[in-house]
Amino acid sequence: MKRQDFFFELPDALIAQQPAKERRGSRLLVLDPAQPTEQSVTDRQFPDLLNYLRPNDLLVFNNTKVIPARLFGQKATGGKIELLIERVIDDQTLLTHIRSSKSPKQGAVLTIENAFDVEVVGRQDALFIVKVLADKNALELIETHGHMPLPPYIERQQDQEEDKERYQTVYSAKPGAVAAPTAGLHFDEALLQEIADKGVDLGFVTLHVGAGTFKPVQVDDISEHVMHSEYFEVDEPLVQQIEQARSKGGRVFAVGTTSVRCLESAALMSGDGPLKACRGETDIFITPGYQFKQVDGLLTNFHLPESTLIMLVSALAGYEHTMNAYRHAVQQQYRFFSYGDAMLILPKSK
């Protein structure tokens, strides 16, 4: 398929710049791929998600925690710089994007937030490897001095106090992401409890979302696109939860495309046998024609035109159903992207 096959017109006014007043205050478009395309979408409110879940179903969330990965500083010459951390390599070393009038050279020392220095020690393609020149742990310094790394389509000069809470899921646990797994932003503690009270199991994977998630597809033939790599974990308790759900006739719903990528990456690593716990790097690129091995349904936000994420959604829901749902969402003025509304894709089989 071609990149242009996934294009749709999106008015700028539909790109959410602020979160809803309450986490559960978003709208929910329900897509049923088992129905004819024109009858497959239903407009709901996010708490209506409860009506589509059954006892013994399993919801799989990504428990990564967004770090305040945007840092501002200056070169020794006084020139301004901006760092966007892609990954924390170890206690003292960071892999980062650097925005500057002129790229710093190896050995350059940069002063961050007038609080600590880092040295450029190498390159990895377009990214820079920097070493923290301080006694403190790099992650600790980032937490103290960094800013929340809002996506490029949120047009604000800097993060606001509210973003520290709202650009983070209530169940975030493992620091390492530089972008939020946004489908999870709709859940508050009370709604999670309501879901559990219905007999739905809640499980967790970890995928540290990198800035590469915003990287556009630049080739026309999508089979030529090179996917970015991200660290993920699927642990043994989650494997057992999936087995238990399946044994009781339950369905596995991924909360967010990152949870999909975790589950399907683990399935590929497990080979032809049963699902196994695993961890490592994944650059899985899911496009129409992909045969899902672990995911039955998906809760997700609305994604960019021509993005890898709308391609993943099309693989699960079907291309025609997906593009019809997106046209409907635009017509009905759903809010798009990180702080926007949600879509529930029901399993094709009942």
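Helices (H or I, at least four residues) and strands (E, at least two) are DSSP runs, numbered from the N terminus. With that in hand, let's look at the pockets of this structure.

The model is predicted, so local features need pLDDT of at least 70 and side-chain atom pairs count only at pLDDT 80 or more, while totals for chains, interfaces and linings use all residues. Residues are numbered from 1 along each chain as its sequence is written, and side-chain values use heavy atoms, with hydrogens and water left out.

A pocket is an open set of points on a 1 Å grid over the protein atoms alone, where a 1.4 Å probe fits and protein lies on both sides within 12 Å along at least five of seven lines; lining residues have an atom within 4 Å of a point. Its volume is the space filled by probe spheres set on the points, which are joined across faces, edges and corners.

| Pocket | Volume | Lining |
|---|---|---|
| Largest pocket | About 740 Å³ | 28 residues |
| Second largest pocket | About 480 Å³ | 32 residues |

In the largest pocket, Glu 86, His 97, Leu 127, Ala 211 and Gly 212 lie nearest the centre. The elements giving two or more residues to this lining are β6 (80-88) and β7 (93-100), and β6 has the largest share, with five residues.

Turning to the second largest pocket, the residues closest to its centre are Tyr 153, Thr 213, Phe 214, His 303 and Leu 309. Here α6 (257-270), β16 (297-301) and α7 (308-317) each supply at least two lining residues, and the largest share, three residues, comes from α6.
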